[in-house]
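Here are my notes on this model, point by point. Please read them with the structure open.

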2 protein chains.
Amino acid sequence: MRAFVAVVEEGGMSAAARRLHLSQPALSQTIGALERELGVELLVRSSTGVAATEAGLTLLTEARAVLARHDQAAAAVARHAGACGGILKIGIPLELPPDLLTGPLADLAAAYPGTRVLAHHLSTAAQMAALRAGELDVGLVREHPIGPDLDAVQVAEERLGVLLTVEDAEKISEPEGIRLDALAGLDWVGFPRSGSPAWYDELTAILRSHGLELGPPAPEGQELIPEVKLAAVTAGHAFALAPPHWRHPLPDTVVWSPLAGHPLVRRTWAAWKADSHRRDLGHLIVALDRSTR
Amino acid sequence: MRAFVAVVEEGGMSAAARRLHLSQPALSQTIGALERELGVELLVRSSTGVAATEAGLTLLTEARAVLARHDQAAAAVARHAGACGGILKIGIPLELPPDLLTGPLADLAAAYPGTRVLAHHLSTAAQMAALRAGELDVGLVREHPIGPDLDAVQVAEERLGVLLTVEDAEKISEPEGIRLDALAGLDWVGFPRSGSPAWYDELTAILRSHGLELGPPAPEGQELIPEVKLAAVTAGHAFALAPPHWRHPLPDTVVWSPLAGHPLVRRTWAAWKADSHRRDLGHLIVALDRSTR
DNA sequence: AGCGTCGATCAGCAGGACTTATGGCCGCCG
DNA sequence: CGGCGGCCATAAGTCCTGCTGATCGACGCT
């Protein structure tokens, strides 16, 4: 019924299939089965989409009523579940795009009022471990997890720029941004490799291929929190990488500049245990996935 | 939801499973899944059955509302289907127990107002052929069909008695009924073997094992309609087999008597194409099956 | 005519739903 | 108090539904 309502509202199967997050053939079959079950033609198909027949219009209003009643029932029972609704533990990386979570979390809270969200700041590697140990429900990580036990979808993609002191920036900036090889000679303010090995290796490989000599890796324990980054850059003769949303709240001595040609793209994935079947988690994932379209 | 309502109404899973025509584990799993999905304990299990929790009671009323709305929707659309509801062709044997079909057919008409029922009088063999040819939707037959293409459930069981002239009956009747071997010397008013070979063979084997000598089989074309039976018996020195409901409307010259020990039991099955998925047919079968409990 | 989109159909696959068989638990009765 | 019979949960196995990706014919648009 939900599928049927979606099809009529979207005016076509393909559009509805996208909205329902399933394939067009599946939806076609579902509607066909519904018609067979009811023994009525519900839709007239054309190459431009579908239109409801008289019976289809009847079902549309009836189905909306049924679904409304159904949702109401679910809400009533969920209210009973009350405080004991599950706790959803989310892992958060440093420098998360600021508006990535707001929409999906609001969405989640509306759909599953019983679910409490708990966020932990953790490195990618720590999140993977926590996920596998069941200490985390979703992780936002900087590399696609490997192995069949974790599933993931990409939820963000940021074209990194550089943070430089004003005087360094003036020397090497060009109209379309800073060229990566122009950074040669400056120290890279890096992060410890153990936090996210695959991403670290990808990043350093690109830097090296542009002629940059990287100093020794950052010490293992040290997290690259924004203050550390800024302090290091301010001290001079160093650069740090940062996504565009760093542009705004910076001291006067440091500026953010884009990189010419965007050679560095940082991706973020949402990862979760493949065998998790939590409804609220699924809802959040779908919301995250949808918000990136 | 329907399952949950049934469980609460029946006061236990096993009872509800019987009502829903599925196994107890299946229902147990279904309810378990519902609880997981809603994240609430709905029932408290005990060794005597189940009781609804507070959340369960909430769901009970809500679910009833949803189901009512759902049924209403189905009815509204079915009304649209109107006259074009399918035609259900039923095969009927001779001497069908008179009240076998009334209840289930009324039930069917209520649930599927669009379905028209068409009955055909056919022998068992003819019904099997018609079923396989798709000319019949259900058959009421006297032998269990063989082969995986037809499914069947038993829907009736009749202890056959005998029809005799009054004078013959007086000679051999005993308090608990007529003994089969006492019929030796009388002619059997039989039916053509081709109409139902397996049943014919079973029947004649039992008769012969009681010392009866059977004349030549009835001619192939001839159907044993009640009038023929009666005429043959009235002519004297012959007996015919008949189920108990023949007791009443008989001429004064012929009587129906039970057989001592009920050696002859005639069973009737409802048979249908195993690959048929018609909802109305399924409903009828279930109703027939239920009415025989 | 060529392309893009729409919906239907096909084959293949995975997960769900049902089944039977079994085990633990409790109330009942000898 | 032990055996018995009901209840429900779990386990293992089978089957079928529902989904996907690929492909097809149909129509509209350029």
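1. Trp188(B) stands opposite Phe239(B) in strand E9 of chain B. Strand E8 (residues 187–188) of chain B pairs with E9(B) in the parallel sense, over 2 bridges. Strands here are DSSP runs of E with at least two residues, helices are runs of H or I with at least four, and both are numbered from the N terminus. Two strands pair if DSSP finds at least two bridges between them.

2. The model is predicted: local features need pLDDT of at least 70, side-chain atom pairs count only at pLDDT 80 or more, and totals for chains, interfaces and linings use all residues. Residues are numbered from 1 along each chain as its sequence is written, while chains are lettered from A and ligands numbered from 1 in the order in which they are written.

3. E9(B) also pairs with strand E7 (residues 161–165) of chain B. These two run antiparallel and are joined by 3 bridges. Gly161(B) stands opposite Ala242(B) in E9(B).

4. How many residues of E9(B) are buried? For E9(B) (residues 238–242), the count is 5 of 5. Buried means that 20 or more other C-beta atoms, placed from the backbone, lie within 10 Å of the residue's own. Ala238(B), Ala240(B) and Ala242(B) point one way; Phe239(B) and Leu241(B) point the other way. In a regular strand, side chains alternate between the two faces of the sheet.

5. Chain B has an open sheet of 5 strands, ordered E4-E3-E5-E11-E6, with mixed pairing. Strands E4 (116–121) and E6 (150–159) of chain B stand at the edges with a single partner strand each, so one side of each has no neighbour in the sheet. Inside this order, E5 (residues 138–141) and E11 (residues 265–273) of chain B pair in the antiparallel sense over 4 bridges. Val138(B) stands opposite Trp272(B) in E11(B).

6. The contact between the chains takes 25 residues from chain A and 25 residues from chain B. Contact means C-beta atoms, placed from the backbone, within 7 Å. On the chain B side, H3 (24–38) and H4 (54–81) each supply at least two residues. H4(B) gives the most, with 17 residues.

7. DNA strand D has 22 residues around it; Ser23(A), Gly12(B), Ser14(B), Pro25(B) and Ser28(B) come nearest. A residue is near if its C-beta atom, placed from the backbone, lies within 6 Å. H3(A) supplies the largest share of this surface, 5 residues.

Conventions:
Contact = placed C-beta atoms within 7 Å. Buried ≥ 20, exposed ≤ 12 C-beta atoms within 10 Å, placed from the backbone.
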